[in-house]
Amino acid sequence: MIITTTPSIEGHAVDTYYGVVFGEVVAGVNFMRDFAASIRNFIGGRSAAYEEELMGARHEALQEMSDRAAQLGANAVIGVDIDYEVLGAENNMLMVTASGTAVKISRK
């Protein structure tokens with residue numbers, strides 16, 4: 001499965017458009033990660049725990065989007081956009097959404 005943010009793939013023609021596909025992940029951050037991040041926030045620097053959580057959620061959202069495209073018969077997703085939001089009363093939930101257009105491509 002080819003996944004790209006561009007509206008086309010060089011050297012390939014779009015044969016069929018299947019429509020927009022999404023992958024959504026809502027992940028909670030556990031107490032220990034929150035505690036470590038709050039210390040990092042106080043002293044400065046990067047939070048490896050949050051970065052790992054973010055990377056994992058992004059990977060899962062892209063995989064879910066790709067799986068949904070494959071179920072439609074697509075072999076590529078073009079025009080991909082990834083959005084991030086924090087949710088919950090205490091902003092302790094992370095939502096990552098990946099969306100794009102599922103297509104069937106062939107070599108030109």
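Of the 108 residues in the protein chain, 29% are buried (under 20% relative accessible area; exposed is over 50% and partly exposed lies in between, with a 1.4 Å probe and protein chains only). The model is predicted: local features need pLDDT of at least 70, side-chain atom pairs count only at pLDDT 80 or more, and totals for chains, interfaces and linings use all residues. Residues are numbered from 1 along each chain as its sequence is written, and side-chain values use heavy atoms, with hydrogens and water left out.

**Fold and sheet**

The protein chain has two helices and four strands, taken as DSSP runs (H or I of at least four residues for helices, E of at least two for strands) and numbered from the N terminus. Along the sequence they follow the pattern β-β-α-α-β-β. The four strands form an open sheet with mixed pairing, in the order β1-β3-β4-β2; two strands pair if DSSP finds at least two bridges between them. β1 (2-3) and β2 are the edge strands, each pairing on one side only. The pairing of β1 with β3 is parallel and runs over two bridges. Ile 2 has Ala 76 in β3 as its bridge partner.

Contacts (heavy atoms within 4.5 Å) can be sorted by sequence separation. Among those in the protein chain between residues at least 6 apart, 78% join residues at least 24 apart.

**Nonpolar cores**

A nonpolar core is a set of buried Ala, Val, Leu, Ile, Met, Phe, Trp, Tyr and Cys residues joined through side-chain atoms within 4.5 Å. The largest has 13 residues, of which Val 21, Met 65, Ala 69 and Val 77 touch the most other members. Elements that each supply at least two residues of this core are β2 (12-28), α2 (48-72), β3 (76-87) and β4. Apart from it lies another core of five residues, including Ile 9, Ile 78, Val 103 and Ile 105.

**Contacts of two residues**

| Residue | Contacts |
|---|---|
| Val 21 | Met 65, Arg 68, Ala 69, Leu 72, Val 77, Ala 98, Ser 99, Gly 100 and Ala 102 |
| Met 95 | Val 25, Val 26, Asp 83, Tyr 84, Glu 85 and Leu 87 |

Met 95 belongs to strand β4 (residues 93-107). Its relative accessible area is 24%, so Met 95 is partly exposed. The C-alpha atoms of Met 95 and Arg 58 are 9.1 Å apart, while the two residues are 37 residues apart along the chain.

Methods
Lists of a residue's contacts leave out its neighbours within four places in sequence.
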